[in-house]
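Colleague: Before I use the labels on this model, I would like to hear the grounds for each.

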Amino acid sequence: MNIRDYKSMVSSMGCLLCGADAELHHPRDGQGMSQRASDWCVIPLCPEHHRGPQGWHGDRTAFRLSKGMSTEMDMLAIVIRHTVSRMTGSHREDNGWLFVIGPANRGDQ
Ligand SMILES: [Zn+2]
Ligand SMILES: [Zn+2]
């Protein structure tokens with residue numbers, strides 16, 4: 001898989017918090033290009049949860065209220081679990097991931 005396919009697979013997950021159309025957050029972005037993590041290290045977030053007032057680059061309220069997604073490492077783990085299970089064809093509805101980002105969470109945004 002090349003990096004372009006990987007990034008489109010990750011953004012197709014939708015926002016980790018609400019499932020809306022996502023853009024990609026790079027851990028440590030905003031600290032200058034030399035600090036920027038690899039493109040393989042990306043997290044799908046909608047514009048609001050990425051750059052909005054309560055988003056990652058805002059005060060992060062939305063992340064503190066969410067279960068198990070208060071750090072970038074938590075979110076990367078979810079992305080990795082999802083992409084690996086997709087590639088190995090072992091994706092299951094009860095693997096925990098869908099409970100976290102399923103449409104059921106959309107209402108309370
Ligand atoms: Zn970002
Ligand atoms: Zn969102």
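Predicted model: local features only at pLDDT ≥ 70, side-chain atom pairs only at ≥ 80, totals over all residues.

Modeller: Residues are numbered from 1 along each chain as its sequence is written, and chains are lettered from A and ligands numbered from 1 in the order in which they are written.

Colleague: What pLDDT does the protein chain average?

Modeller: The average is 80, and 73% of the residues score at least 70; pLDDT is the predictor's confidence in each residue, from 0 to 100. Over residues 95-109 the pLDDT is below 50, and this stretch has 18 contacts in the model beyond near neighbours in sequence. Two residues are in contact if their C-beta atoms, placed from the backbone, lie within 7 Å.

Colleague: Which pattern does the protein chain follow along the sequence?

Modeller: The pattern is α-β-β-α-α-α-α, with five helices and two strands. Helices (H or I, at least four residues) and strands (E, at least two) are DSSP runs, numbered from the N terminus.

Colleague: Why does Gly19 count as buried?

Modeller: A residue is buried if 20 or more other C-beta atoms lie within 10 Å of its own, exposed if 12 or fewer, and partly exposed in between, with C-beta atoms placed from the backbone. Gly19 has 20 C-beta neighbours inside 10 Å, so Gly19 counts as buried. Gly19 lies in the loop between helix 1 (3-11) and strand 1 (23-25), and its C-alpha atom is separated by 8.4 Å from that of Leu45, 26 residues apart along the chain. Buried residues make up 22% of the 109 residues in the protein chain.

Colleague: Why do Arg4 and Met73 count as exposed?

Modeller: Arg4, in helix 1, has 9 C-beta neighbours inside 10 Å and therefore counts as exposed. Met73, in helix 4, has 8 such neighbours inside 10 Å, so Met73 counts as exposed too. The C-alpha atoms of Met73 and Pro27, 46 residues apart along the chain, are separated by 8.9 Å.

Colleague: Why does Arg86 count as partly exposed?

Modeller: Arg86 has 13 C-beta neighbours inside 10 Å, and therefore counts as partly exposed. Arg86 also lies in helix 4; Arg86 and Met9 are 77 residues apart in sequence and 9.5 Å apart in space, C-alpha to C-alpha.

Colleague: How do you know that the span of helix 4 agrees with its number of residues?

Modeller: The expected span of a helix is 1.5 Å times one less than its number of residues. The 17 residues of helix 4 (residues 72-88) should span 24 Å, and the end C-alpha atoms are 24 Å apart, so the two agree. Just after helix 4, Gly89 takes a positive phi of about 70 degrees.

Colleague: What is the phi of Arg60?

Modeller: Arg60 has a positive phi of about 70 degrees and is not a glycine. Most residues other than glycine have a negative phi. Arg60 sits in the loop between helix 2 (47-51) and helix 3, and counts as partly exposed because it has 14 C-beta neighbours inside 10 Å.

Colleague: What makes a nonpolar core, and which members touch the most others in the largest one?

Modeller: A nonpolar core is a set of buried Ala, Val, Leu, Ile, Met, Phe, Trp, Tyr and Cys residues joined through C-beta atoms within 7 Å. Of the 15 residues in the largest, Cys15, Leu16, Leu17, Ile43, Leu45, Cys46 and Met69 touch the most other members. Strand 2 (43-45) and helix 3 (61-65) are the elements that give two or more residues to this core. Leaving aside neighbours within four places in sequence, Met69 is in contact with Leu16, Leu17, Phe63, Asp74 and Met75.
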